[in-house]
Amino acid sequence: MLVEAILRCHTEEHVERIRTIAEPTWLDGDTFASETTFEAALLAAGAAIAAVKRGGFALARPPGHHALPERAMGFCVFNNVAVAARYAQAELGIERVAILDWDVHHGNGTQAIFWDDPTVFYVSLHEWPFYPGTGGPGEGNETTVNVPMAALSGDAEYQRAFANVVEPAIRAFSAELVLVSAGFDAHGSDPLADIRLSDGAFTWMAERATTLGPRVAAVLEGGYNIETLPRLVAAALEGFSE
């Protein structure tokens, strides 16, 4: 059943390539894999599904939001949040899903998977211009909203973006399930980006997410300061628990 859920988002060729890896290899310039990657990626996608079923937070690795239908990308093998969304629609009777992605990088894989699907709404706040080069100003459609944020943006800029764009857009979609791609690399201490969010920003973003639909779950994406990541996840959990 888990592989079936993954195949709703990825090609059979991509899944088979990951399954048959027999020795250490590079899937792209950033994404390393080995003979244990398939199992790890299955566990991550399964954790995302469990989060949807329980209303929880999947602390999953590898992350997922860069994974495209046909290939891995940017540390991501299978698109965990997309798999969870498709599972909710196929197995839980949920028709309308909103995905809120606050990772500092644009979730190009999630956008690609749902670009032509009117039942899944995707909104992403991310540093621009920045990796992976997608999600720029004006890029979107009726169910894809990108909110490019300038380098050195902080809590005040994100609060305005939530109030003026993110919350009205998701509320208008009337999602039955809100899934959060919860990356923590927009924090000021993260070494891979230049957004300057505080610890508390993750608490209030999570709290606001809980008001946007009757069911909410979250999946871990980026976050590359291993000293601060546990603290930031705890800050988000405080907001989700509200």
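Let me begin with the largest pocket, which is lined by 16 residues, and of these Phe-75, His-105, Tyr-131, Leu-192 and Tyr-224 lie nearest its centre. Please keep in mind throughout that what we are looking at is a predicted model. The volume of this pocket comes to about 170 Å³, and its lining divides into 7 nonpolar, 5 polar and 4 charged residues.

Now let us turn to helix 8, which runs over residues 229-241 and so has 13 residues. From its first C-alpha to its last, helix 8 reaches 18 Å, which is close to the 18 Å expected at 1.5 Å a residue. Which residues of helix 8 are buried? They are Leu-229, Leu-232, Val-233, Ala-235, Ala-236, Gly-239 and Phe-240. If you look down the axis of helix 8, these buried residues fall within an arc of 155°, and therefore they line one face of the helix.

Is Glu-167 buried or exposed? With a relative accessible area of 10%, Glu-167 is buried, because the cut-off for that word is under 20%. Leaving aside residues up to four places away in sequence, Glu-167 touches Phe-162, Arg-208 and Leu-212.

Next come some details of the backbone, starting with the cis peptide bonds. One of them joins Arg-61 and Pro-62, with omega at about 5°, and Pro-62 sits in the loop between strand 3 and helix 4 (80-91). The peptide bond from Trp-128 to Pro-129 is cis as well, with omega near -5°, and here Pro-129 lies in the loop between strand 5 (120-127) and strand 6 (144-149).

Finally, I would like to point out positive phi values in residues other than glycine. Leu-152, in the loop between strand 6 and helix 6, has phi near 75°, and at 59% relative accessibility Leu-152 counts as exposed. Ser-174, for its part, has phi near 60°, and Ser-174 is found in the loop between helix 6 and strand 7.

Definitions and conventions. Residues are numbered from 1 along each chain as its sequence is written. This is a predicted model: local features need pLDDT of at least 70, side-chain atom pairs count only at pLDDT 80 or more; totals for chains, interfaces and linings use all residues. Side-chain values use heavy atoms; hydrogens and water are left out. Helices (H or I, at least four residues) and strands (E, at least two) are DSSP runs, numbered from the N terminus. The expected span of a helix is 1.5 Å times one less than its number of residues. Buried means under 20% relative accessible area, exposed over 50%, partly exposed in between (1.4 Å probe, protein chains only). The arc is that of the directions from the helix axis to the C-beta atoms. Contact means heavy atoms within 4.5 Å. On a 1 Å grid over the protein atoms alone, a cavity is a set of points where a 1.4 Å probe fits but cannot get out, and a pocket is an open set with protein on both sides within 12 Å along at least five of seven lines; lining residues have an atom within 4 Å of a point. Grid points are joined across faces, edges and corners, and a volume is the space filled by probe spheres set on the points. Ala, Val, Leu, Ile, Met, Phe, Trp, Tyr, Cys and Pro count as nonpolar, Asp, Glu, Lys and Arg as charged, and the others, Gly among them, as polar.
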